[in-house]
Amino acid sequence: MKREDEVVYELKEYAINKKEVQLIKTKIGIIDDKIARIKLRSEITNTLKEQIQDLTDTKILLENELYCKNLDVYYTEKALSMLEDHEKNILLSYYCEGKTLVAIGMDGNWSPTYIGKIKKQALLKLKRLIK
């Protein structure tokens with residue numbers, strides 16, 4: 001079974017991975033646009049062919065990275081989906097969005113103490129789920 005700090009680390013990694021997934025998708029889109037613009041030229045020289053190959057190689061690396069990041073996100077979301085909605089929301093607000101217990105409590109009109117208790121319980125549940 002994982003330690004609590006390992007679960008917290010995985011939650012923070014989840015937030016980072018979600019952002020990186022969007023960034024990688026953007027980069028892949030830019031590469032696709034560059035390749036399309038090169039292919040529109042009337043004459044494709046060897047230099048342009050090399051550029052297309054370099055861009056394609058970079059795209060393949062990015063797609064592999066995207067696959068791994070999406071897999072990490074998927075497994076974390078699968079574990080999070082087994083929590084109650086309010087537990088999941090508290091963990092994501094605290095660890096992924098950086099909100100304080102006070103701010104989270106204000107969103108739902110709860111005390112920071114209550115939010116802290118739910119957060120701790122949710123971490124323990126998640127710890128058992130992630131193993």
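Residues are numbered from 1 along each chain as its sequence is written, and side-chain values use heavy atoms, with hydrogens and water left out. Because the model is predicted, local features need pLDDT of at least 70 and side-chain atom pairs count only at pLDDT 80 or more, while totals for chains, interfaces and linings use all residues.

In soluble globular proteins, nonpolar side chains tend to be buried together. The largest nonpolar core of this model has 26 residues. A nonpolar core is here a set of buried Ala, Val, Leu, Ile, Met, Phe, Trp, Tyr and Cys residues joined through side-chain atoms within 4.5 Å; buried means under 20% relative accessible area, exposed over 50%, and partly exposed in between (1.4 Å probe, protein chains only). The residues with the most contacts inside the core are Leu11, Leu80, Leu91, Tyr95, Leu123 and Leu126. Helices α1 (4-39), α2, α3 and α5 each supply at least two of the core residues, and the largest share, 10 residues, comes from α1. Helices are DSSP runs (H or I, at least four residues), numbered from the N terminus.

Side chains of opposite charge can pair when their charged atoms come close. Eight salt bridges were found in a search of the whole structure, a salt bridge being a side-chain nitrogen of Lys or Arg within 4 Å of a carboxyl oxygen of Asp or Glu. One of them joins the side chains of Glu87 and Lys125, with an N to O distance of 3.0 Å. This pair links distant parts of the chain, since Glu87 lies in helix α3 (residues 85-96) and Lys125 in helix α5 (residues 112-130), 38 residues apart. Glu87 is buried at 4% relative accessibility, whereas Lys125 is partly exposed at 28%.

Lys99 forms salt bridges with Glu97, where the closest N and O atoms are 3.9 Å apart, and with Asp107, where they are 2.8 Å apart. Lys99 is partly exposed, at 29% relative accessibility. Elsewhere, a network of salt bridges links Asp32, Lys59 and Glu63.

No disulfides, defined as pairs of cysteine sulfur atoms within 2.5 Å, were found in the whole structure. The cysteine sulfur closest to that of Cys68 belongs to Cys96 and is 20 Å away, so the two are too far apart for a bond. Cys68 is partly exposed, with a relative accessible area of 45%.

Tyr67, Leu71, Tyr74 and Tyr75 make a nonpolar surface patch of about 460 Å². Patches are made of residues with over 30% relative accessible area and no salt bridge; like charges are joined within 9 Å and nonpolar side chains (Val, Leu, Ile, Met, Phe, Trp, Tyr) within 5 Å. Accessible areas come from the Shrake-Rupley method with a 1.4 Å probe, and for residues only the protein chains shown count as cover.

The side chain of Thr76 comes to 3.1 Å from the backbone oxygen of Asp72.

Key. A polar contact is a pair of N or O atoms within 3.5 Å; within protein, one must be able to donate a hydrogen and the other to accept it, and residues adjacent in sequence count only if both atoms are side-chain atoms.
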